[in-house]
Amino acid sequence: MGQKVLLTSKEINIILHRLACQLLENHLDFKETALVGIQPRGVFLADRLANILKADYGVKDIALGFLDITFFRDDFGRGEILRANTTKMDFLVEDKKVVFIDDVLYTGRSIRAALTAIQSFGRPRSIELLTLIDRRFSRHLPIQPNYRGRQVDAIGDEKVKVMWEANDGEDRVYLVSK
Amino acid sequence: MSVNHLLGIKYLNKRDITLIMETADNFKEVINRSIKKVPTLRDVTIANIFFENSTRTRLSFELAEKRLSADVVNFSAASSSVKKGETLIDTVNNILSMKVDMVVLRHPNPGAGIFLSRHVKSSIVNAGDGAHEHPTQALLDSYSIREKLGDVGGKNVVIVGDILHSRVALSNIFALKLQGANVKVCGPRTLIPKHIESLGVSVETDLRKALEWCDVANMLRVQNERMDISYFPSTREYTQQFGLNLPLLNSLKKKIVIMHPGPINRGVEITSDVADSDQSIILHQVENGVAVRMAVLYLLASKIN
């Protein structure tokens, strides 16, 4: 099993600032926007982006939620018991511009589940997708990101591993091959 | 989950209980949303087969099933062919041949669920079998204690009343002991089974002493319908010795948590002012029942294939 560094901490930092600026360009003061991190791994990225927007770009208040999609997945009963994570949505998304945030976009099935799950919290005006890593050519569904950090060509049995300082001690993205 | 059926707490291990509690946390969040429903079990059909009366448990299971988007069929013995002489296995197999995946069973005979699980191809959830077990009640009781006090382990819990005829008591003893709680039972000697100490619980016949000791008091109903002989002289005497009233509760040194599995006989085992006091978590138990049953059904349904 080998692993290759795809993104270093410095590169991740540059990308995060670029993504923050792209969000800023489209959402300005974030008054009608809700950032929604997809559990389990998207929440670290969502948290970081919200902090960058507040600290470096003077955005005052951002609605930030964490959405768990376990009960909305399409592979229930097809393998291991699916363990759920916490959903923390302290606001309704009714008429809000929602941005889904996840670390890796792969088959698109998680985002499909998230599109259903978010309906429990109202009817958003629009939904966009931001992802740090976009694995090209591996989609099972017609889902594409609006904001992407880096596009990666990874073959079937390779895995993209995203590490976050807040959780794993370092910012780094690996491509792991079996 | 280490099991394919929920027949009793006796068959679970500590990890199963932890998994059920944590999953119930997720479902409690779901049922407090404005849209209280998730699509997880949309291709699962569940039959609620009740050979005994029930309001709370049956409603709670049905709500849990519907909030998981399962298809639900209800069956009660009173209006069925059981009256025409059909056996339990035949009844259930007929229901299952209509493509039912899970059975929630309440039956007056102890072990009915266990018997059925050996003879039919379906996941069985025991919703009460005679005076044997009522596992989901014990799970929701533990969940409610955990929610109120943070943890079940190390807590002192007293179960008061008709221990002899109570499936709630037995399931609770198993569940509480598994999680490391200290358990006492309290009631008239005639309503405490012989050798109950072998389950790791102690017996106390003085209600005041038991209450002084405990963090949580679970007050059980006197099950008159299961009593073939007279176990105590009169209801009035039972209430005087084992009924919980407000003066007694207020005279205790610490604020204990009051639970009751329902249905309450107000003025017998517990007075109205205690049942409705801020120390009572009786209605939280009912709310948590739906979340816990959702967790149980979710975890068992994921093993069907």
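The legends below describe close-up views of a predicted model. Local features need pLDDT of at least 70, side-chain atom pairs count only at pLDDT 80 or more, and totals for chains, interfaces and linings use all residues. Residues are numbered from 1 along each chain as its sequence is written, with chains lettered from A in the order in which they are written.

**View 1. Contact between chain A and chain B.** Here 11 residues of chain A are in contact with 15 residues of chain B (C-beta atoms, placed from the backbone, within 7 Å). The chain A side comprises 6 nonpolar, 4 polar and 1 charged residues.

**View 2. An open parallel sheet in chain B.** Its 4 strands follow the order E2-E1-E3-E4 (strands are DSSP runs of E, at least two residues, numbered from the N terminus; two strands pair if DSSP finds at least two bridges between them). Strands E2 (71–76) and E4 (123–129) of chain B are at the edges with a single partner strand each, so one side of each has no neighbour in the sheet. The twist from one strand to the next averages 15°.

**View 3. Strands E3 and E4 of chain B.** Strand E3 (residues 102–107) is joined to E4(B) by 5 bridges. B:His107 has B:Asp129 as its bridge partner in E4(B).

**View 4. Surroundings of B:Ala217.** Not counting residues up to four places away in sequence, B:Ala217 touches B:Val158, B:Val160, B:Leu211, B:Leu244, B:Ile256, B:Ile258 and B:Met259.

How values were computed
Two residues are in contact if their C-beta atoms, placed from the backbone, lie within 7 Å. Ala, Val, Leu, Ile, Met, Phe, Trp, Tyr, Cys and Pro count as nonpolar, Asp, Glu, Lys and Arg as charged, and the others, Gly among them, as polar. Axes are lines fitted to C-alpha atoms, for helices over the stretch in contact, and angles run from 0 to 180 degrees between N-to-C directions.
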